[in-house]
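Thanks for coming. I have a few minutes on one structure, so let me put it on the screen.

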Amino acid sequence: MLLSLAFRNLWRNRRRTLLTLSAMVVSAALLILALGVFSGMFKDMLASATEQYYGHLVFAQPEYHLRRDLFANLPVDIANHPALMNESEIVSRSPRLRSFGLLSKELSSQPVEILGVIPELEQQVTSLQNKITAGRYPTLDDPNGAMIGRGLANKMKLRPGDELVFVTQAADGSIGNDLLIVRGVFATGDSRNDNNLVLAPLPWLQQVMVLPDRIHEVAMILTNPMLAAEIADRLSPHLPENTEVLDWGDLLPEMREVIAAYGVSRMIIVTILYLATGLGILNTFFMSVMERTREFGILMAQGMRPMAIRGLVLLETLLLGGIALAIGLFCGSLMTLYMHQVGIDLTAYITPITYAGGTILPRLHAVFEADNFLVPAGMLLLISLIAGFLPANRAARLDPVVAVREE
Amino acid sequence: MFIDSTPLSRSLLSLLILLSILPGTALALDIQSVIREVEQQYMGSSSRARTTMQVKTSHWERTLEMEAWSLERDYFLVRILEPAKERGVATLKRNREVWNYLPKVDRIIKVPPSMMGGSWMGSHITNDDLVKANHIDEDFHLRLLEETESNYVIECLPKEDAAVVWGKIIYRVRKTPQVPEQIDYFDEEMVRVREIHFADIQQIGKRIVPLRLTVLPLEKPDEMTVLHYRELVYDLDLDESYFSLRNLESP
């Protein structure tokens, strides 16, 4: 009875209700869209750092990621350790050897970081094969064929087919040096990778560094990157002494903080936007209650309890919130879907920005994330209730004798 | 006021000032030549040397046989003879530039500024040492810290505009014969990070030089580089053309 009464009451001033409703729908829908785009940006950032370089988990000697010590190496077959093989969350593993040295061609030389990889495995961990702008990915049957970043290629004026010399400190104290042939050029948008990173076949780098059958790390990709820390903890007890598994959050602490801060900033954005909407709802219901003072007086005179009056008004706001939510969620999902499938390309206006170890791509692209719907939905209902509380209280406290005389 | 009043006391004062400056000037010149002598003891106006370099690190140990030529302070060429794997690897220094020749790839590579602080041939000597050691007397303010009966202790602090890596260098030099005993290197935080000790003092021609020097990187106590001069010949008939990139490649 109360519900149908509340529903009918809502439409007594149709224009006012529709205006308030549309404000609620628009704010909910836009909020869902904006959060989806923000999530998309963070996902791009995380992906740029993990899928272009680190992977989600890295298995190496302790502190290798800090010191990059040439001698902190492991046998190559540790990549097939049973603990790693048996973990179902691990999708792929790539053993890597890393070397810092000088790449030179005639009189120009540049400091670089070379990752010695098994191309087939590395392509399952990082996705540089999707970023190739010229030439091709290295292969094992081309012993000294390498892929370099575009920034490096531009600086040294290199093209596929060019011959380079790589010089580094080898593990036996000698000057490790060998010829390298450019086979491919990649561009990620992350200037550090594009200016510094070189991918070469693992056996070649092992020979140059005089580290036969050794690697520095195993990079891994998981089914869900957000579970990385948990899986790292789970793996640790089963791995050999003097090794450690780090998740991307350990390798990129700023990124972890940025993503943690996103949870907080999402609440702040939602709160600010809904405060405005909440004031609109408050206004609507105050007006509505004031207009109906006489009516409430009559209802109470006929024996309706103040609790029921309060319930009636609250039910009205909640009903409005529910309707707004249903339409808002629908519109928000549609817009998010569009931004997910199509998105907006900003390449013409901005260049990629590197921030907190990741790259923000010049595009607006949304992803679906449950919290981006649940938080705005829950908050909208909560705000409706809070905004309805004051008018409902006022209605409940009316003195029927005074109220019926009101004109 | 008292000084101003009498011309005599004024001249006395200037005499005093003059007297206090004079020995200082003489001494400053003296220190400079001491340092220059130390840094060029193996070079003279020109030289050829055969050296054995033993490098010990916590991960490996190796011994290199090398042959080196030098001309004044500006030209220097060194070539590895042993081990066979590295035979022909050579370094050329021309003024403040360093070049390496790598026979395996048959290429000459100029050491870029960013790598000048890097190890030379895997030792505890850096490329910078090859270039800058000879300019200590120009790049640093020198000061006699202590003089005993047998030794000078000389402190070198970098000049404001000098591009150097050390915060301070201290030379301990024996007076007679005038040979270095020890050099201590301090970083910018004034922490002692490296010592070079000299030993095996021999007369070579008219010169007296220590034929063995030991480089100790103090932050790695179990590591060292020992450079031993087996042959040393001064005043050869060499000119600049000997120190060419072409000669770096082919002996």
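This is a predicted model: local features need pLDDT of at least 70, side-chain atom pairs count only at pLDDT 80 or more; totals for chains, interfaces and linings use all residues.

Start with chain A. Two packed helices are described by the angle between their axes and the distance between the axes. Here the pair is helix 1 of chain A, residues 2-10, and helix 13 of chain A, residues 306-341. Their axes come within 9 Å and cross at roughly 60°. An angle from 65 to 115 degrees would count as roughly perpendicular, so at this value helix 1 of chain A is oblique to helix 13 of chain A. The crossing of these two helices is right-handed.

Which residues meet there? From helix 1 of chain A they include Leu2(A), Leu3(A), Phe7(A) and Leu10(A), and from helix 13 of chain A they include Ala308(A), Gly311(A), Leu315(A) and Leu319(A). By class, this helix contact has 11 nonpolar, 2 polar and 1 charged residues.

Now the two chains. On the chain B side, 20 residues are in contact with 17 residues of chain A. Strand 6 of chain B, residues 107-110, gives the most to that side, with 3 residues. The classes on the chain B side are 9 nonpolar, 5 polar and 6 charged residues.

Last, strand 6 of chain B and its partner. Strand 5 of chain B, residues 97-102, pairs with strand 6 of chain B in the antiparallel sense, over 4 bridges. Trp99(B) stands opposite Lys110(B) of strand 6. The two strands form a hairpin with 4 residues between them. In the turn, Asp106(B) has a positive phi of about 55°.

Terms used:
Residues are numbered from 1 along each chain as its sequence is written. Chains are lettered from A and ligands numbered from 1 in the order in which they are written. Axes are lines fitted to C-alpha atoms, for helices over the stretch in contact, and angles run from 0 to 180 degrees between N-to-C directions. Angles under 35 degrees count as roughly parallel, over 145 as roughly antiparallel, 65 to 115 as roughly perpendicular and the rest as oblique. A crossing is left-handed if the near helix is turned anticlockwise from the far one by less than a right angle, and right-handed if clockwise. Two residues are in contact if their C-beta atoms, placed from the backbone, lie within 7 Å. Ala, Val, Leu, Ile, Met, Phe, Trp, Tyr, Cys and Pro count as nonpolar, Asp, Glu, Lys and Arg as charged, and the others, Gly among them, as polar. Two strands pair if DSSP finds at least two bridges between them.
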